[in-house]
Amino acid sequence: MRMGIIVLGLIALLGCSSVNGDTEWWQTMSLYQIYPRSWKDSDGDGIGDLQGIESKLEHLVDAGVDAFWISPIYPSPMADFGYDISDFMDIDPIFGTLDDFDNLVATAKSLGLKVVMDFVPNHSSDEHEWFINSMASVDPYTDYYIWKNGTVLENGTITPPNNWVSVFGGSAWTWNNQRQAYYLHQFAEEQPDLNYWNEEVVAAMKEVLVFWLDRGVDGFRVDAIPHLFEDSTFPDEPLTGDTDDPTDYGYVEHDYTKHLQETYDMVQQWREVLDNYTENSDGVPRIMMAEAYANTSMTMKYYDYGAHFPFNFNLISNVDGSSNAAEIKESALDEWLNNVPDNATSNWVIGNHDKSRVATRYSPEQVDTLNIINLLLPGVSVTYYGEEIGMEDQWISYEDTVDPQGCNQEEDTYESYSRDPARTPMQWDATTSAGFSTSESTWLPVNTNYLTLNLAAQVAADTSHYKVYQALTALRKEAVIQEGSVNVQLINNNVFAFMREYSGSVPVMVVANLANNSETVSLEVFDNAADTLLVSIASVDSSLTEGSEVSKTSLEISALSALVLRSGAEALISSGIIILFVTALAYFHH
Ligand code: GLC
Ligand code: MG
């Protein structure tokens, strides 16, 4: 009895201070991206599906994530693996049925997980019935897409209306015989751009949002937003001068095809749809996250126009494994933190299905460092599937390449464009196809390293990327991470650190060494930190481990590793050691 009181008293006195009730569910979430073709195959066809996802949701609970976003699962000819949608309000048979989707949502809810859909508003598939009707000039679909006559040259040949280039390479215009006109596609030619100048298109896409809200989704990741509107006078884009290749997306600026003001206004309208839905239902916010590769000011502008947040791609676009600590601090961390609007919720993204994996873009040694940064900086953290175990890119031959961005290239250049290497199946265990599928052949090959690099092995190991990840998601639940201030400091060119503080909480310090050699540093710059610190989480390759005591003024940190540090006594409390000690004392006293 007395023992119980002492223990409870100590926990109340020194334990984690609780989180106040003002934040909305999404502001503190750790979000996980599922690429559905690659996460879990339930029927042995070598392609992931909804029943597969449902069967593995426990993994997300175990990993400590709060919400997941699924890349497109709508009917699609799969020219861009689901980002070419032929029906915005159904499920592709490859992935299952609407019933499977409803079951998935119900199971997710029962596990306390939020579900976010991928909304792809800029384009449909060329097999969508809207496009089929538009090609035939059937109203009201005639102007659902951007049609334009070609330019007739003196010799009679017809060429595209202007010099606009597609993101995937080549002209952004494709000639259509049936309609005798060119149509615009900012991505693949199988992805005709919808015409947002047409109010009927705007209304139809709002209905899509409501359709999925009615099925219980908690929000949307909105795809390729900057491309929504194009200048309706179709001027040539200015040349960048960066390349002589007119088929390269970098050949022209994108002044007339990206970031138009009307695009922001559209986002605001979608926000109104979400807010109305919330008001007329249970009052729980439905969220919108904007995918926009843009400079800082154009990115932040999405906050003003109703996005809950635009993805922060700084750790993808501005820095990589060759960056030193000064560059990471300035170009990624400060660049975001110093520009994010007051009271806006920050977010951090370290990978997605369009980019190389962290282990490859940075290095395998830096997987924990990136997860530590991602999960312990203020705001939302976004994890691409497999990053919790440090999956690596898989080299894929030109013959086996399926990504249109790779296939549009020649054999000597495809590797810098193909996104397939980062999309290989999730590595669950060491069985057939890494436990992803019962089939030995999968839509993309399983990474050859799966026998050693897989979730089951990392669950079994004492230290692993996954164990680090779990410790981080647990720490995220504390008020100091959810609501604390942040102070980022450059310690030297190779080492940066940040401290999170919140009144009533034990501060958390993160130190990261970006160099290939160990560094001995002083963290004196953090006045409020105790002189003696304890390692609470460490990169797997660090020479220090959980519970190691270190000095604030002379701390040796291993090559390419990161440490999460907390002050002595209190940190012990939070790792439970003192509680055990007191328990033992009380027991003997008794
Ligand atoms: C987004 C998606 C990408 C897709 C493109 C076209 O950038 O993330 O995968 O190819 O939009 O929809
Ligand atoms: Mg567009």
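Predicted model: local features only at pLDDT ≥ 70, side-chain atom pairs only at ≥ 80, totals over all residues.

Reply: Residues are numbered from 1 along each chain as its sequence is written, chains are lettered from A and ligands numbered from 1 in the order in which they are written, and side-chain values use heavy atoms, with hydrogens and water left out.

Me: Why is D80 called buried?

Reply: Buried means under 20% relative accessible area, exposed over 50%, and partly exposed in between (1.4 Å probe, protein chains only). D80 has 5% relative accessibility, so D80 counts as buried. R419 has a relative accessible area of 9% and is therefore buried. K109, with 42%, is partly exposed.

Me: What makes the contact of R419 and D80 a salt bridge?

Reply: The term requires a side-chain nitrogen of Lys or Arg within 4 Å of a carboxyl oxygen of Asp or Glu. The side chains of R419 and D80 meet at 3.0 Å, N to O. R419 lies in the loop between helix 13 (404-407) and helix 14 (455-460) and D80 in the loop between strand 2 (67-70) and helix 4 (98-110), so the pair ties together parts 339 residues apart in sequence. Helices (H or I, at least four residues) and strands (E, at least two) are DSSP runs, numbered from the N terminus. By the salt-bridge rule the count comes to 16.

Me: How do you know which atoms coordinate the magnesium ion (ligand 2)?

Reply: Donors are N, O and S atoms within 2.8 Å of the metal (3.2 Å for Na, K and Ca); water is not among the atoms, so sites may look incomplete. N122 (OD1), D193 (OD), H227 (O), L228 (O) and E230 (OE) coordinate the ion at 2.1 to 2.7 Å. Both N122 and H227 are buried.

Me: What makes strand 14 and strand 15 a pair?

Reply: Two strands pair if DSSP finds at least two bridges between them. Strand 14 (residues 485-492) and strand 15 are joined by 7 bridges and run antiparallel. A hairpin of 2 residues connects strand 14 to strand 15.

Me: Why is V152 called exposed?

Reply: The relative accessible area of V152 is 59%, so V152 is exposed. V152 is found in strand 5 (residues 151-152).
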